Amino acid sequence: MVMKCLVVFAHPNPDSYGAALRDSVAAGLEAGGHQVMMADLYADGFNPVMNAAEHRGYMDIGASHPDPLVATYIAQLQTAEALVFVYPTWWSGLPAMTKGWLDRVFLPGVAFVLGRNDKVKPNLRHVRRLVIVTSSGSPWWYSLAVGNAGRRTIMRTLRLMCSRRCRTTYLALDRIDSRTDLERNDFLHEVKAKMASL
């Protein structure tokens, strides 16, 4: 089924392997007939820091966002049927840029609604696929041993805001620093193929 896909990409180096992963994701999604919206956080000049005024207005549900870039991301999120996160795993978790995107975009009235007794109600029921594409310098067993915080944040916590039948895909290349060019290229092809068949 064809979907609107929001790709959230974070890497400061435009020549990085992460950028190659982003390109493989986009090419695969397009090959599968999906519509791609790209949130390239570094290239967009996104500021991941929530300022004091934003924090004070955090619960002002329905208010327009003062940062036009955040408002654009919110509009994309509200139409997306799939969210694809492409990022390097740093210190066993999400880069600050990706975490800041969640902090500033996944707002009350956008990602969730607070009901009676502060019960959180999901507000992204239109999102039916969650995907992570990442790389890590650590071996897979180390990431598992320390709890894989990035995967847990997206695949568990964020998934609760999505469709009840939301499916997840996790693609990770571990030990990135010691991988051969062939292994890196094989993973790029695997990512593209998975995205085409999403």
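**The nonpolar cores in context**

Guide: In this predicted model, the protein exposes about 10400 Å², of which carbon and sulfur atoms supply 52%. Turning from surface to interior, buried residues account for 44% of the 198 residues. The radius of gyration is 17 Å, which agrees with the value near 16 Å that a compact globule of 198 residues would have. The C-alpha trace spans about 50 × 35 × 30 Å along its principal axes.

The chain forms seven helices and seven strands, in the order β-α-β-α-α-β-α-β-β-β-α-α-β-α from the N terminus. Several of these elements meet in the largest nonpolar core, which has 35 residues. At least two core residues come from each of strand E1 (4–9), strand E2 (35–40), strand E3 (82–88) and strand E6 (129–135), and likewise from each of helix H3 (68–79), helix H4 (96–105) and helix H6 (149–157). Within this core, the residues that touch the most other members are Leu83, Phe85, Trp101, Phe106 and Leu130.

Beyond its neighbours within four places in sequence, Leu83 is in contact with Leu6, Leu77, Phe106, Val127, Arg129, Leu130, Val131 and Leu158. For the protein as a whole, among contacts between residues at least 6 apart in sequence, 79% join residues at least 24 apart.

A separate core of 22 residues lies apart from the largest one; Tyr17, Leu21, Val86 and Val191 are among its members.

Conventions
Residues are numbered from 1 along each chain as its sequence is written. This is a predicted model: local features need pLDDT of at least 70, side-chain atom pairs count only at pLDDT 80 or more; totals for chains, interfaces and linings use all residues. Side-chain values use heavy atoms; hydrogens and water are left out. Helices (H or I, at least four residues) and strands (E, at least two) are DSSP runs, numbered from the N terminus. The radius of gyration is taken over C-alpha atoms; the globule rule is 2.2 Å times the number of residues to the power 0.38. Buried means under 20% relative accessible area, exposed over 50%, partly exposed in between (1.4 Å probe, protein chains only). Contact means heavy atoms within 4.5 Å. Accessible areas come from the Shrake-Rupley method with a 1.4 Å probe; for residues, only the protein chains shown count as cover. A nonpolar core is a set of buried Ala, Val, Leu, Ile, Met, Phe, Trp, Tyr and Cys residues joined through side-chain atoms within 4.5 Å.
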